[in-house]
Amino acid sequence: MADGFKKSSDVEIKRVKIKDVNDNPVEAVIASLKPERGRMLEQAFGGDSKEFRIFVGDKLGYIEVFGTKDDNINKDRGLYVKEFYTEENNLRHYKGAGVELLKCAVEESKKRGFGGKIHLTASNVPPPFVFYYKNNFIPEECADKYFAAIDYAARKNIPISRILPKYVTNIDMKLDEKGAEAFLNNQRLFYEREFKTINEAIIEGQKYEANWIDAPDSDEHFFQIINTDKDNCMQEYSAKAREIKIDGKSCLEIYDIDDIYVDNAGVFEFVKQSAEKIADELGLNRVVFNEERQRPKRRRF
């Protein structure tokens with residue numbers, strides 16, 4: 001079994017089932033670096049580094065993690081993934097190797113007292129945001145403006161590169177304790193989040209839809225406009241939304257607005273109508289667009 005693994009002299013941890021491209025089950029070996037090589041890694045990257053590898057015949061991939069239990073930042077973020085690669089990224093002879101390596105990282109996080117929490121920077125071409133999102137990772141707060149687009153791509157099985165701007169090639173993502181436990185039990189939490197297409201329209205011959213997605217463990221929501229004809233789907237407008245009180249009346253506030261691609265008055269009118277429709281469904285009195293919390297304009301790409 002696994003000639004590449006036998007020659008590597010790494011330490012076997014467990015055997016798992018993945019699949020070939022025809023969905024036939026295949027046994028794979030997961031191992032960690034042999035002790036002397038593990039010590040070299042620790043000296044290079046810190047005393048808490050560890051690397052897991054997966055083999056079917058030869059090595060299919062690896063994941064390298066590190067984290068210091070005494071570091072307050074790491075206590076909050078969890079274990080950090082420094083390197084993560086699998087053969088699925090290009091050759092695609094097997095499916096599931098990446099998930100099994102991620103499970104090793106989550107299990108290691110729990111062993112170190114981080115509760116399964118993981119922090120990483122998702123980066124590749126094409127961007128792997130949907131892969132992580134389907135496995136219960138969510139964008140860090142600094143990148144949560146991409147949440148709605150990633151959710152949409154995951155639900156519709158659309159490449160994220162068709163929705164987000166081309167310059168978005170990496171974002172920070174995290175896995176919390178709830179997500180980690182669900183991930184180890186093969187549960188996908190994004191299915192549990194409320195998602196609605198609340199409005200649709202044809203504007204100058206192109207199809208648009210307004211979507212509403214609730215945020216995880218928050219009273220915030222994400223509101224976005226997708227042009228379903230442009231470049232096979234493009235997020236033209238995104239914002240956050242929440243219920244607020246103004247003069248004792250309940251209102252829907254739209255804020256953190258990003259309308260980088262919108263250059264059409266008809267689309268802005270569609271935005272307004274869609275927001276009012278949400279407010280009506282929620283039984284709120286009116287919509288407030290908070291321009292003070294609007295993101296600065298950037299050049300169009």
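Colleague: How exposed is arginine 155, and how should I read its relative accessibility?

Modeller: This is a predicted model, and the general idea is that a residue counts as buried under 20% relative accessible area, as exposed over 50%, and as partly exposed in between. Arginine 155 has 24% relative accessibility, so it counts as partly exposed, whereas aspartate 151, with a relative accessible area of 0%, is buried.

Colleague: What do arginine 155 and aspartate 151 form together?

Modeller: A salt bridge is called when a side-chain nitrogen of Lys or Arg comes within 4 Å of a carboxyl oxygen of Asp or Glu. Arginine 155 and aspartate 151 form such a salt bridge, with their closest N and O atoms 2.4 Å apart. Both residues belong to helix H6, which spans residues 147–156, and their spacing of 4 residues is about one turn of the helix. Elsewhere, salt bridges with shared partners link Asp10, Glu51 and Arg53 into one network.

Colleague: Which parts of the chain are tied together by the pair of lysine 50 and glutamate 108?

Modeller: The side chains of lysine 50 and glutamate 108 meet in a salt bridge, at 3.7 Å from N to O. Lysine 50 lies in strand E3 (residues 50–56) and glutamate 108 in helix H4 (residues 97–111), so this pair ties together parts that are 58 residues apart in sequence. With a relative accessible area of 28%, lysine 50 is partly exposed, while glutamate 108 is buried at 8%.

Colleague: With which residue does arginine 15 form a salt bridge, and how exposed are the partners?

Modeller: The partner of arginine 15 is glutamate 12, and the closest N and O atoms of that salt bridge are 2.9 Å apart. Arginine 15 counts as partly exposed, at 40% relative accessibility, and glutamate 12 also counts as partly exposed, at 35%.

Colleague: How many salt bridges does the whole structure hold, and what is the setting around them?

Modeller: A search of the whole structure finds 17 salt bridges. The protein chain has 8 helices and 15 strands, and buried residues make up 50% of its 301 residues. Among contacts with a separation of 6 or more, 57% are between residues 24 or more positions apart. The accessible surface of the chain comes to about 15,200 Å², and 45% of that area belongs to carbon and sulfur atoms.

Methods: Residues are numbered from 1 along each chain as its sequence is written. This is a predicted model: local features need pLDDT of at least 70, side-chain atom pairs count only at pLDDT 80 or more; totals for chains, interfaces and linings use all residues. Side-chain values use heavy atoms; hydrogens and water are left out. Helices (H or I, at least four residues) and strands (E, at least two) are DSSP runs, numbered from the N terminus. Buried means under 20% relative accessible area, exposed over 50%, partly exposed in between (1.4 Å probe, protein chains only). Contact means heavy atoms within 4.5 Å. Accessible areas come from the Shrake-Rupley method with a 1.4 Å probe; for residues, only the protein chains shown count as cover.
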